[in-house]
Amino acid sequence: MTGELTVRGLTIEVASGANIVDSVDLHVPAGAVLGIVGESGSGKSTVGLGLLGFAKPGARIAAGSVQIGGVEMIGVSDQELRSRRGTLVSYVPQDPATALNPSMRVGEQVAELVRYHTSLGERARLASVIDTLRRVQLPTDVAFLRRYPHQLSGGQQQRLAIGIALSCSPDLVVLDEPTTGLDVVTQAHILDEVRRLGAETGVTFVYISHDLAAVAAVAAVVAVMYAGEIVEEAAIDVLVTQPRHPYTRGLVASVPDHVTALALKGIPGVAVGVGGRRITGCQFRDRCVQRIGRCDDHKPLLEPVGSDAWVRCHAFENTPRVEVHEREINAERRNGAASLLVVEDLRAEHRSPRGPCVVAAADVSFEIASGECVALVGESGSGKSTIARCIAGLHPPVGGSITLGGERLEGIARKRSKQQRRALQLIFQNPYDSLNPRHTIESSLVWSAKQLRGVPAEEARREVAELLNTVQLPARTGALYPAELSGGERQRAVIARALAAHPDLLVCDEVTSALDVSVQAAVIELLLGLQRDLDLTILFITHDLGVVASIADRVLVLERGVVLEQGPVTQVLNHPVDVYTQRLIAAAPRLNDRPIAPAPRVVNETLHGV
Amino acid sequence: MTSVDLARSPDDVAPAPRRFRLRWPSMARTPLVKLSLVGLLVLILIALFGRYAAPYSPTALESVPYSPPSRHFLLGTDFLGRDVLSRVLYGGRSVLVVAGTATTLAYVFGLTIGLLSGFNRSWLDATLMRTMDVLLAFPPILFILVLAAGAGAGATMLIVGIAVVHVPSIARVVRAAALDVSVHGYVEAAVARGDATRHILFREMLPNISSPVAADLGPRVTISILLVAGVNFLGLGLAPPSPDWAIAVAENRSGLGIQVWAVLGPAAMIAALTFVTNVVADATARSLGRNETREATPL
């Protein structure tokens, strides 16, 4: 195999002249898997496309060289590039549902690329299609070949996309967040698939993801990107146990783990590069805790450390070890406190005029004690969001009861008393969508207080600064519109809006799933602090077992509207009784559970500082 | 209030603020828009206050019919010998007031019905929309003619008739936009908060559909003006002696070959008004669209 990837000084700039990818060097030996990890705006996807000699409209490859097996991809004619894409290098985008042509059948979808790049006859082409499907373990019968992409599951769609990428036997495959939209079980299958294909076919893979744990499951070497630069590159074991760059360290400390309940530590601040804004000196300095004088005006270089690690930091010797602490779990608190929320035999359905009636919750019962944090965990379609919507009065249940503080709640929010609506606040999944883009943050907070507590606008306005301070936003945020805030800041503003009502119970529906991992950690930190200081009760709904371990006291596992298992978080996660729970836990990737771990036990101890 | 500690507040590295605002000045960037903006102001001033500058009474017979432009009558006289310039200066108010009031009224009802339909996807939506469909089935001019026959000609009839003509199509456009907006988290948050329907419609939803609505505004004002002119021309709006641009065109069209200014003067005013209204409304819509908050996509 000759699919060695060598990238030298790859620089991609936008029209304004700013570099969104700045002088990236990479080297991947043939048949290896390189991981590229970074948060939104870090330029990781731009690099991924750059490996195909492509830049999105508005951006252009300004300098550098990309060689795949010695063949140069930069500065080549478009026609030449087109013939190489697919045969020399191919790309698997994040969302297979949009990447596959919805009006083309599976067989045709694969055959299209084969026809473009080869001169095979129809019979040989069909053989090649079947071979492709077999390689990614998809069915090869005629019925399957005649299906449309929307008739496949998310996992099958992604397999198909990977299969198509491999169909013309390229030397290099770029996978851009291939598992981000998938359930953990499906994700585990895809990760296995990539590992297997790497070993079997000898294809070189570049695996791009924001999820360090997922990358750790497939890649031997990982490059960490921040603000368009590689800040650290090392073998995965070294990277997670001894990160040398403070950003990598923060990232590692932010990753939750579902086996050990960790106290997470987020990275403060907002990433440079999200708005295309760049600063002189070190790009990370504003968020760095070990910043020194040189960081302000001297840009650090990516320097080798030891034999096979590189780091871009002036003071990397000062980077302390990752200290991850187990957090205290108040499993006993429940015994003393009275139940705040009681859900009994809740039954909810989704009816459509013609389609079948889908049961989203089948006789779900649980209680949450005052001051407790209970997690409701399940995969997409498990009904967890519908339960949250029932509790919030947005989806009238067809049976059962919801009681808050001893009072039975009506199914529709407007029929509930103002007191009841105030006491229960829902925080939505998508912070980009739950604040009205045409209202300032202050106006949103004031309105909430005015509507639910009946305080005059003047008084509500005086509370704004304190509320913002509570969620660690500067007071000037009040005058801003949501579009001017980052995702993490918006989610804090949404939390502040909920707090403006002086609630007793927060229902958090996937509140961190749209956020970067370092921001997620900070939001979890904030919620735990609020729970402690304001004596809030939290119902936390998520698909992420790691997050569950990091925030919840108790956990309920939900599948297809049925609660399969519930109990204290450590018990459920470490000794799951139900088969489904066991499957979920086995599938969730862990940072310290990699295929090539030389000494797992040692890794474990250093990571958790035991 | 809380003891949660972060090494540094997000204050330090928050992105440089880019304020949302209506960019009225920058809206008038192209010369055409600038010119139209000035033209619109001038036409409004003429329509509302032009009469105070009129040299003659608009109804007095000053000279022989169809006398050509002269030093005394800058645009000549009309078919009865009245001063065309004075009638042009007097004749804009009715068009402007009737078209403006009717359009405003149409938007009040159209927005309410459309927002309510888009938000409340139930029997109410179906009822309102089917009613709108029935109204849409009538050709506008025919509808106003029938109304005029039933209720009698006059300004009130015109205003009501034109408003009713506009309401269904406004409601449909608004409903489509409102359907998109109603699934957003901020609308759900308002529902969960138990906000009154009027607050949800006008506080949460309306500001977020302003750009499709504004894009529609220009042609609509134009259509109103043309409808007023058309109905007046047919003699079913305002009664003939009153000075009105459209009536003037109708009255003098027999003399088109003799005294072209008696028709051209008022007709040019109508044409100019519709043109500049359209340009300015389009520029406003574009300006709103440009400021539409572009949402960053989550990871």
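Author: Begin with a crossing: that of α4(A) and α5(A) is right-handed. Bear in mind that this is a predicted model.

Reader: What is the angle at which helix α4 and helix α5 of chain A pack?

Author: In general, two packed helices are described by the angle between their axes and the distance between the axes. Here α4 (residues 106-117) and α5 (residues 122-135) of chain A pack at about 115°, and their axes are 9 Å apart.

Reader: Which residues make the contact between α4(A) and α5(A)?

Author: From α4(A) come A:Gly107, A:Val110, A:Ala111, A:Val114 and A:Arg115. From α5(A) come A:Arg125, A:Ser128, A:Val129, A:Thr132 and A:Leu133. By type, the contact residues are five nonpolar, three polar and two charged.

Reader: Now the sheet. What is the order of the six strands in the open sheet of chain A?

Author: As a general idea, strands of a sheet pair through backbone hydrogen bonds, either parallel or antiparallel. In this open sheet of chain A the order is β20-β21-β22-β17-β23-β24, and the pairing is mixed.

Reader: Which strands of chain A stand at the edges?

Author: β20 (424-427) and β24 (562-568) of chain A do; each has a single partner strand, so one side of each lacks a neighbour in the sheet. From one strand to the next, the twist averages 15°.

Reader: Which helix of chain A packs on the sheet?

Author: Helix α13 (residues 384-392) of chain A, which touches β17 (373-377), β20, β21, β22 and β23 (554-559) of that chain. The direction of α13 makes about 150° with that of β21(A).

Reader: How many bridges join β21 to β22 in chain A?

Author: Five, between β21 (residues 505-509) and β22 (residues 537-542) of chain A, and these strands run parallel. As one pair to look up, A:Leu505 has A:Thr537 of β22(A) as its bridge partner.

Terms used
Residues are numbered from 1 along each chain as its sequence is written. Chains are lettered from A and ligands numbered from 1 in the order in which they are written. This is a predicted model: local features need pLDDT of at least 70, side-chain atom pairs count only at pLDDT 80 or more; totals for chains, interfaces and linings use all residues. Axes are lines fitted to C-alpha atoms, for helices over the stretch in contact, and angles run from 0 to 180 degrees between N-to-C directions. Helices (H or I, at least four residues) and strands (E, at least two) are DSSP runs, numbered from the N terminus. A crossing is left-handed if the near helix is turned anticlockwise from the far one by less than a right angle, and right-handed if clockwise. Two residues are in contact if their C-beta atoms, placed from the backbone, lie within 7 Å. Ala, Val, Leu, Ile, Met, Phe, Trp, Tyr, Cys and Pro count as nonpolar, Asp, Glu, Lys and Arg as charged, and the others, Gly among them, as polar. Two strands pair if DSSP finds at least two bridges between them.
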